[in-house]
Amino acid sequence: MGIYLEIRQEDKEYPLSSYKNKGEDLLYPHWHKEVEIVYVIKGSLRLGVNDVPIQMKEGEVQIINAGDVHYYLASPDSERLVLLIDLNLFQDISSDNKEEPSLRDIFVNIESSSREWTIDIADKMREIIESVYYEDTSRRDGYTYAVKAKVFQMLTLIY
């Protein structure tokens with residue numbers, strides 16, 4: 001089984017996608033330019049990131065950096081929320097403080113598993129992920145601003 005580059009076919013003008021997937025869905029080893037955030041909302045999930053197997057439990061969150069090779073194995077009776085965030089979402093925004101790290105650096109250097117976060121941070125992250133999913137799938141007026149604000153809230157929380 002080879003590794004392949006996944007290229008999103010959704011709205012290329014809006015660099016965020018969200019999905020709710022069942023555990024029976026397999027995803028072969030692939031990589032993409034988006035940061036992927038996986039939240040197990042039911043059951044457990046078996047995934048691998050850069051040849052490291054990870055067994056996730058209900059309520060856990062995993063951040064997969066852009067360019068990391070990853071895959072999902074069948075995990076019956078499970079469900080997950082997945083956010084794909086292209087960092088171009090923040091292309092027009094930069095910090096005025098030159099000592100602040102870039103958004104890409106923040107994602108690369110944070111602890112990527114909720115197992116390593118405090119309970120408070122993990123709870124808030126799950127809440128934000130669910131909110132981003134809701135805003136993205138309901139697409140009410142102003143949803144792009146709401147999503148950006150929530151992703152910034154997420155970055156601030158994990159930074």
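What percentage of the 159 residues in the chain is buried?

1. Burial and basis. Buried residues make up 43% of the 159 residues, where buried means under 20% relative accessible area, exposed over 50%, and partly exposed in between, with a 1.4 Å probe and protein chains only. This is a predicted model, in which local features need pLDDT of at least 70 and side-chain atom pairs count only at pLDDT 80 or more, while totals for chains, interfaces and linings use all residues. Residues are numbered from 1 along each chain as its sequence is written, and side-chain values use heavy atoms, with hydrogens and water left out.

2. Confidence. The chain has a mean pLDDT of 83, and 84% of its residues reach 70 or more; pLDDT is the predictor's confidence in each residue, from 0 to 100. Helix 2 has the highest confidence, at 94, and strand 1 (residues 4-5) the lowest, at a mean of 54. Where pLDDT is low, the predicted coordinates should not be read in detail.

3. Fold. There are 3 helices and 9 strands, taken as DSSP runs (helices H or I, at least four residues; strands E, at least two) and numbered from the N terminus. Their order along the sequence is β-β-β-β-β-β-β-β-β-α-α-α. Of the contacts with a separation of 6 or more, 76% are between residues 24 or more positions apart, a contact being heavy atoms within 4.5 Å.

4. Main core. The largest nonpolar core holds 27 residues, and Ile37, Ile63 and Ile129 have the most contacts inside it. Such a core is a set of buried Ala, Val, Leu, Ile, Met, Phe, Trp, Tyr and Cys residues joined through side-chain atoms within 4.5 Å. Two or more residues each come from strand 4 (35-42), strand 7 (61-64), strand 9 (79-85), helix 2 (119-138) and helix 3 (143-158). Leaving aside residues up to four places away in sequence, Ile129 touches Ile37, Tyr39, Val61, Leu81, Leu83 and Met154.

5. Second core. A separate core of 10 residues includes Val40, Leu45, Ile54 and Ile64.

6. Helix 3. Tyr143, Val147, Val151, Met154, Leu155 and Ile158 are buried in helix 3. Down the helix axis, the buried residues of helix 3 fall within an arc of 115 degrees, so they line one face; the arc is that of the directions from the axis to the C-beta atoms. Tyr145 and Thr156 are exposed on the other side of helix 3.

7. Lys150. This residue lies in helix 3 and is partly exposed, with a relative accessible area of 21%. Apart from residues up to four places away in sequence, Lys150 touches Ile128, Ser131, Val132 and Glu135. Lys150 and Ile128 are 22 residues apart in sequence, with their C-alpha atoms 6.4 Å apart in space.

8. Positive phi. Asp51, a residue other than glycine, has a positive phi near 65 degrees. Asp51 is in the loop between strand 5 (44-49) and strand 6 (52-57) and is exposed, at 74% relative accessible area. Phi of Asp77 is also positive, near 60 degrees. Asp77 is in the loop between strand 8 (70-73) and strand 9 and is exposed, at 57%.
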